[in-house]
Amino acid sequence: AKGRPASNIPREDAAALIQLILDRHHTFAREELARLFPLASKVTRVHGQRHPELRRVDELLSELAADIVPHMLKEEQVLFPYIRQ
């Protein structure tokens, strides 16, 4: 709730928020990355000669995954279990 310190959030609310993040956001991010990697690779392979900027799309997608996947794992393995306790 707005204005309440995090330490005063009821355990049920925190658990519900964690589950929402896992179900909606983490699942979406993983599914989209799995979908986008092959698409970006294929588009770059097919059109990369004429559009070298597509290689940058591949690079940026890899950079995004390198940032977001460890972040999600840290939340799932460290932060969320800590909050649930």
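Tutor: Helix axes are lines fitted to C-alpha atoms over the stretch in contact, and the angle between them runs from 0 to 180 degrees between N-to-C directions. The model discussed here is predicted.

Student: What does the secondary structure of the protein chain come to?

Tutor: Helix H1 covers residues 11–47 and helix H2 covers residues 53–84. No strands are found, and the secondary structure of the protein chain comes to two helices.

Student: Are H1 and H2 roughly parallel or roughly antiparallel to each other?

Tutor: The axes of H1 and H2 lie 10 Å apart, and the helices pack at an angle of about 160°. Angles over 145 degrees count as roughly antiparallel. H1 and H2 are therefore roughly antiparallel.

Student: Is the crossing of H1 and H2 left-handed or right-handed, and how do the residues of their contact divide?

Tutor: The crossing of H1 and H2 is left-handed. As for the residues of the contact of H1 with H2, seven are charged, six are polar and 20 are nonpolar.

Student: What share of the contacts in the protein chain with a separation of 6 or more is between residues 24 or more positions apart?

Tutor: A contact here means heavy atoms within 4.5 Å. Among contacts in the protein chain with a separation of 6 or more, the share from residues 24 or more positions apart is 67%.

Student: What percentage of the 85 residues in the protein chain is buried?

Tutor: A residue counts as buried when its relative accessible area is under 20%. Of the 85 residues in the protein chain, the buried ones make up 19%.

Student: Is His26 buried or exposed?

Tutor: His26 belongs to helix H1. The cut-off for a buried residue is a relative accessible area under 20%. His26 has a value of 4%, so it is buried.

Student: Which residue has a side chain joined to that of His26 by a polar contact of 2.6 Å?

Tutor: Leaving aside residues up to four places away in sequence, His26 touches Ile21, Met72, Glu75, Glu76 and Phe80. The polar contact of 2.6 Å joins the side chain of His26 to that of Glu75.

Student: Where does the side chain of Thr44 reach a backbone oxygen at 2.8 Å?

Tutor: Thr44 is also found in helix H1. Its relative accessible area is 13%, so Thr44 is buried. Not counting residues up to four places away in sequence, Thr44 touches Leu54, Arg55 and Asp58. At 2.8 Å, the side chain of Thr44 reaches the backbone oxygen of Ala40.

Technical notes: Residues are numbered from 1 along each chain as its sequence is written. This is a predicted model: local features need pLDDT of at least 70, side-chain atom pairs count only at pLDDT 80 or more; totals for chains, interfaces and linings use all residues. Side-chain values use heavy atoms; hydrogens and water are left out. Helices (H or I, at least four residues) and strands (E, at least two) are DSSP runs, numbered from the N terminus. Angles under 35 degrees count as roughly parallel, over 145 as roughly antiparallel, 65 to 115 as roughly perpendicular and the rest as oblique. A crossing is left-handed if the near helix is turned anticlockwise from the far one by less than a right angle, and right-handed if clockwise. Ala, Val, Leu, Ile, Met, Phe, Trp, Tyr, Cys and Pro count as nonpolar, Asp, Glu, Lys and Arg as charged, and the others, Gly among them, as polar. Buried means under 20% relative accessible area, exposed over 50%, partly exposed in between (1.4 Å probe, protein chains only). A polar contact is a pair of N or O atoms within 3.5 Å; within protein, one must be able to donate a hydrogen and the other to accept it, and residues adjacent in sequence count only if both atoms are side-chain atoms.
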